[in-house]
Amino acid sequence: MPRLPALLIATALLTAALPARSENWLEFRGPGGASRVKEGSLPVELSAADVRWSADLPGRGLSGVLVVGDRAFVTTSDGPTQDRLHLVCLSTSTGKILWDRQVWATGRTMCHSKTSVAAPTPCSDGKHVYAIFSSNDLVCFDLDGNLQWLRGITYDYPNVSNSLGMASSLLVTADTVIVPVENDSESYSLGIDAATGVNRWRLDRPKGANWTSPVILAPGLVALQSKTGIEAIRATDGSTAWSYTEGADTVSSSALSDGVLYVPSNGITALTLDPADPAKQPTQAWRENTLSPATASCVVAGDALYTINGAGVLTAGDRATGKRRWQLRIEGPYSGTPVTDGKHLWAVNEAGLVRVVELGEKEGKVVATLDLGDEILCSPAAADGALYVRSNTKLHKIGR
Amino acid sequence: MVFHRRSPAALGAVAFLLALPGGGVAVASPVTDALPAIRAVDHEGKGNAAAAKAWGVIAAAEAAALPDILAGMDGANPIAANWLRSAIDAVVTKAGGSAKLPVDSLVRFLADTKHDPRARRLAFDLVRGADAARADKLLDGMVEDPSVELRRDAVAKVIARADALKAGEKKDEALAAYQKAFSASRNVEQIQALATTIRELGGTVDLTGHFGFLRRWQIVGPFDNTEGKGFATVYPPEEKLDLSAALDGKAGKVSWQPVETGDEYGVVNVNLSYPPPAPPADAKPADSESKEGLKGVIAYAVTEFVSAEDRPAEIRLGTKNAWKIWLNGSPVFEREEYHRGMEIDQYRMPVTLRKGPNTILIKVCQDEQRRPWTTEWEFQLRVCDEVGTAIHPLGGPDSAAP
């Protein structure tokens, strides 16, 4: 495996070329899907007073929150058949709803009772918000709520659906919105022109329910995950740059950090990207089957990575080797992926308990707990010193 | 959702008259001028650029234009309707909220049941936001409304009155009110709850007939679906329906046999028709078929539905299994998905029934998964209109038969 310093330099360059992200949270699990925040940017000691506001939401959902400047964006659905789809914009300072735009579901809204029509996390390029729902209705609004375009992917391709619900989140890169709508029947991923909403490409994808989300490997290069593995796709034309074909999970997603893609495949498999050209075939750095994540995806920071299994056990692995370092039981289950700054990890379980775990070399320790008293199934967002988590009824801001 | 056939690209661009609540025609305005561009959007983003410009015009309109915008949804495809739906949010926000809306004209729009059902429901919500009491009163006349949601809320009011009667020990009056609500309801959860309450009070309900589930079928199988390959395989029933023929099945000759489900939600349990053979005494679990049912198999079921007239209808299906459906020999829809869940009206398929006999054929596929939740091999199918009102075959609810 290449030494980390070289990788850090190379990927820092890559990172710098990505869209603005300093105090924003523009996609599912943040930049690279690594769920990483700047060290010291989130509060370690938590109490009820740290809940800055809790805003009522017009509908249910478990999609993650976006933060773009002083605005937070979240999707919800309501109505007797959950066919009213909302994109809601709130003030990050007050929690006041600034605007709420609705469309009707044009695809099926049937889903498992634990999930929701508002399951996929939207994404943003800093100027627009792109949102999709389990019904495969896709919308693009500017930050002020002006509709730019919309699509009904199931209206276009009637067998794109999943009776358990769709959940893959969106990405935008190279002026292309990456739209994974992979399922048992008519299974696609699409690259859609971010400006017009028209297809740039549509790829046939492996038939099989797939709830994982793509990851930006480099500007204009994305990793699509499925049961067969990883396909690195050029966003502008949909061509394949490289493939990893040793299988991958269909629930938890990969994470990119410092030029290494951590894939939930046979446990976790670390794929090192070519620092000079991430479009070249990566090399496998290591594979560790004791690091298998459950629903939540792995997170990466410092010299470690972390996964949570189905029993609510947090496992720390050595990032260079994959070797397990320590384990800590943090009562689950967890649907959402934690965030970390490398020193601490913020994990929110389904019961709404926010735990802050101090991440040591040899052990982890829970140093703070905050009970939100609300079922939380989303992955938290983090921006400007605050965590944002949502439930079926509320959006909570925790921190500064 | 309903599986829409791809509409002609020009559909939304066809000039249309905007029927006003009073029956007149809309006067040209920036909004009405902008509507054709919105209505021209279609599959795969067609017309998005022009629609985005038009959306800006419509979203900037005064609240007085809301009935015109709502009327723009009449006959529009679902994508065009969504462009207008979000514009209405912008207009309402700009107007400063519900209190500033033209309630009287919205009520007139709502009263005209020729308008798009979802547009009327939206008009109702706008009225309710401005004047909740007025909206609530309007519901009293909507128990038979073509809008499923308006009807649902109107029925909920009837249920509330019945609940009060029940609480007041007026059992017979309560039962009559619940029966009225049951008869009017087209919402699955509401219907199921009402059936329970009515039965608790000693009343009777016919859920099968209310929904219009088809109970009587001829069924043939099992055919081979090893590795799921049978889904695409054309077995004889797809080519020619001969209910007297002996066919080559997965394990020998098979023939059509009648099946009549007693399930009140019309669930036809195919496993009951094809129980697995008893495994040898020394067989390991993995060597034998699941004790609950066969694996890697396919069955076909057919029924004849005699329609009183040529008419539009919907075939609505629920199943956990992969399936294909034909109406009068023409494929309607298919889906290759196994064991992701089943519910009433899971799939809605618009069809046209012809006067006289109509043949409905379904192919129901079972895969080879051996998990506790993969044993079901079943379906439920009903024929109804777009509101969900059962369409019964000539001769009554139970007369559909092969």
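Start with Leu217(A): leaving aside residues up to four places away in sequence, it touches Val222(A), Ala223(A), Ala232(A), Leu256(A), Leu261(A), Leu273(A) and Pro278(A). This is a predicted model, and its scores are ipTM 0.92 and pTM 0.92.

**Nonpolar cores**
- The largest nonpolar core has 186 residues, and Leu217(A), Val222(A), Ile38(B) and Ile69(B) are the ones that touch the most other members.

**A four-stranded sheet in chain A**
- Four strands of chain A make an open sheet, running in the order 14-15-16-17 with antiparallel pairing.
- Strand 14 (215-218) and strand 17 (240-244) of chain A sit at the edges, each pairing on one side only.
- On average, neighbouring strands here are turned by 25° against each other, ignoring direction.
- Inside the sheet, strand 15 (residues 221-226) and strand 16 (residues 229-234) of chain A pair in the antiparallel sense over six bridges.

**Confidence in chain B**
- Chain B has an average pLDDT of 91, and 89% of the residues score at least 70.
- Watch residues 4-24 of chain B, though: the pLDDT there is below 50.
- Even so, that stretch has 38 contacts in the model beyond near neighbours in sequence.

Methods. Residues numbered from 1 in each chain as written. Chains lettered and ligands numbered in written order. Predicted model: local features only at pLDDT ≥ 70, side-chain atom pairs only at ≥ 80, totals over all residues. Pairing = 2+ DSSP bridges. Helix = DSSP H or I, 4+ residues; strand = E, 2+ residues; numbered from the N terminus. Axes fitted to C-alpha atoms, helices over the stretch in contact; angles between N-to-C directions. Core = buried A, V, L, I, M, F, W, Y, C linked by C-beta atoms within 7 Å. Buried ≥ 20, exposed ≤ 12 C-beta atoms within 10 Å, placed from the backbone. Contact = placed C-beta atoms within 7 Å. pLDDT = per-residue confidence, 0-100.
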